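User: I am new to reading protein structures. Can we go through this one together, step by step?

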Amino acid sequence: MAKKTMRQTTRRKSKSKAKTVKALKKAKAGKAAKVKTPSAQIDADIKALHGELPQWSPAEVEEAFRRLQAAMPEPKGELIHINPFTLLVAVVLSAQATDAGVNKATPALFRLADTPEKMVKLGEAKVRELIKTIGLFRTKAKNVITLSQKLIAEHGGQVPNTREALQELPGVGRKTANVVLNMAFGEPTMAVDTHVFRIGNRTGLAPGKNPLEVELKLLEAIPAHYMMHAHHWLILHGRYICLARRPLCERCVIADLCKWPGKTTFLRTDATVSPSP
Ligand code: SF4
């Protein structure tokens, strides 16, 4: 009798193990994950833009940044620069261009000109030639030269550390000023680019109809102890995980907190399948 019970238990165990293996195989093949259709994702983005998604509670915000910090303890901006001046130039060049595209052109430019004086001496035609692979290069070359002239004439060749003075420079808007204030001067600013705007709206962290609305909500919602790096955590999360067309929800550390109806959900199988932390 005891032998029969043991045989039954062993059979039950191996049956359950086989089920688990099968479920895991299914999950690995993506069958346990329900990826929303592109049109469902677009609808979800429209809902998010109209403020129809619930917002995160302070506890959820804290938890999200705790996880982002754990995943990337020292997040860094990806634009190549040597000093505040080259950072300012790189950010100006990055408008409507990718950081990777800017980084292809700037090392040669910065080798020749890493100060406003050298940039002016280099001249607009040479700058244009060096940055011609970047979109809007003609306007950007002109801006780089005139902002260098302005820095020499009005700021002793130094990059100013106030938003007002920065935004008076040609080609420098609020977003660029925020990046420079954060990265060059250690101010807890929040630059809202396309990635941060998307994440603010999708997740429920800071829904808003325009970048300024999202920026102000982020400044209000994010705890002070996360503000210094918050901008980079959000940008990097948007650039590599929460992609515009096909967000990688299965690799997202904040997937369970995210309120976006377009996110990939994970069906329950015999083995519990959840996004990896
Ligand atoms: S789960 Fe993560 S990757 Fe997916 S939409 Fe939400 S924040 Fe983006």
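User: In which loop is Cys249 found?

Analyst: A note before we start: this is a predicted model. To place Cys249, look at the elements on either side of it in the chain. Cys249 is found in the loop between H13 and strand S2 (265-266).

User: Is Cys249 buried or exposed?

Analyst: Count the C-beta neighbours inside 10 Å. Cys249 has 21 of them. A residue needs 20 or more to pass the cut-off, so Cys249 counts as buried.

User: How far apart in space are Cys249 and Phe266?

Analyst: Start with the sequence: Cys249 and Phe266 are 17 residues apart there. Then go from C-alpha to C-alpha. The distance in space is 9.7 Å.

User: How many residues surround the ligand, and which are the closest?

Analyst: The shell around the ligand divides into 10 nonpolar, one polar and two charged residues. In total, 13 residues surround the ligand. The closest are Cys242, Pro247, Cys249, Cys252 and Cys258.

User: What does the secondary structure of the protein come to?

Analyst: The protein has 277 residues, and 34% of them count as buried. Its secondary structure holds both helices and strands. The tally is 13 helices and two strands.

User: Where is the kink in H13 centred?

Analyst: H13 has a kink of about 55°. The buried residues of H13 include His229, Ala230 and His231.

User: What covers the buried residues of H13?

Analyst: Several helices lie over the buried residues of H13. The cover includes helix H3 (58-71), H10 and H11.

User: Against which helices do the buried residues of H10 pack?

Analyst: Helix H10 covers residues 174-185. Its buried residues include Lys175, Thr176, Val179, Val180 and Met183. The buried residues of H10 pack against helix H4 (84-93), helix H9 (163-167), helix H12 (211-221) and helix H13 (224-240).

User: Where does H5 bend, and which proline follows?

Analyst: Helix H5 (residues 99-112) reaches 20 Å from its first C-alpha to its last. That is close to the 20 Å expected at 1.5 Å a residue. Yet H5 bends by about 40°. The bend is at Thr106, and the proline that follows within four residues is Pro107.

User: Which residues have the most contacts inside the largest nonpolar core?

Analyst: Nonpolar side chains tend to be buried together in soluble globular proteins. Here the largest nonpolar core has 60 residues. The largest share of this core, eight residues, comes from H4. The residues with the most contacts inside the core are Leu88, Val92, Val144 and Val180.

User: With which residues is Leu205 in contact, beyond its neighbours within four places in sequence?

Analyst: Leu205 lies in the loop between helix H11 (194-203) and H12. Leu205 is buried, because 26 other C-beta atoms lie within 10 Å. Leaving aside neighbours within four places in sequence, the contacts of Leu205 are Trp56, Val61, Ala64, Ile199, Gly200 and Ala221.

User: Is Gln96 buried or exposed?

Analyst: Gln96 is found in the loop between H4 and H5. It has a positive phi of about 50° although it is not a glycine. Gln96 has 9 C-beta neighbours inside 10 Å, so it counts as exposed.

Definitions and conventions
Residues numbered from 1 in each chain as written. Predicted model: local features only at pLDDT ≥ 70, side-chain atom pairs only at ≥ 80, totals over all residues. Expected span 1.5 Å × (residues − 1). Buried ≥ 20, exposed ≤ 12 C-beta atoms within 10 Å, placed from the backbone. Contact = placed C-beta atoms within 7 Å. Near = placed C-beta within 6 Å. Nonpolar A, V, L, I, M, F, W, Y, C, P; charged D, E, K, R; others polar. Bend = angle between axes of the 7 residues up to and from the residue. Core = buried A, V, L, I, M, F, W, Y, C linked by C-beta atoms within 7 Å.
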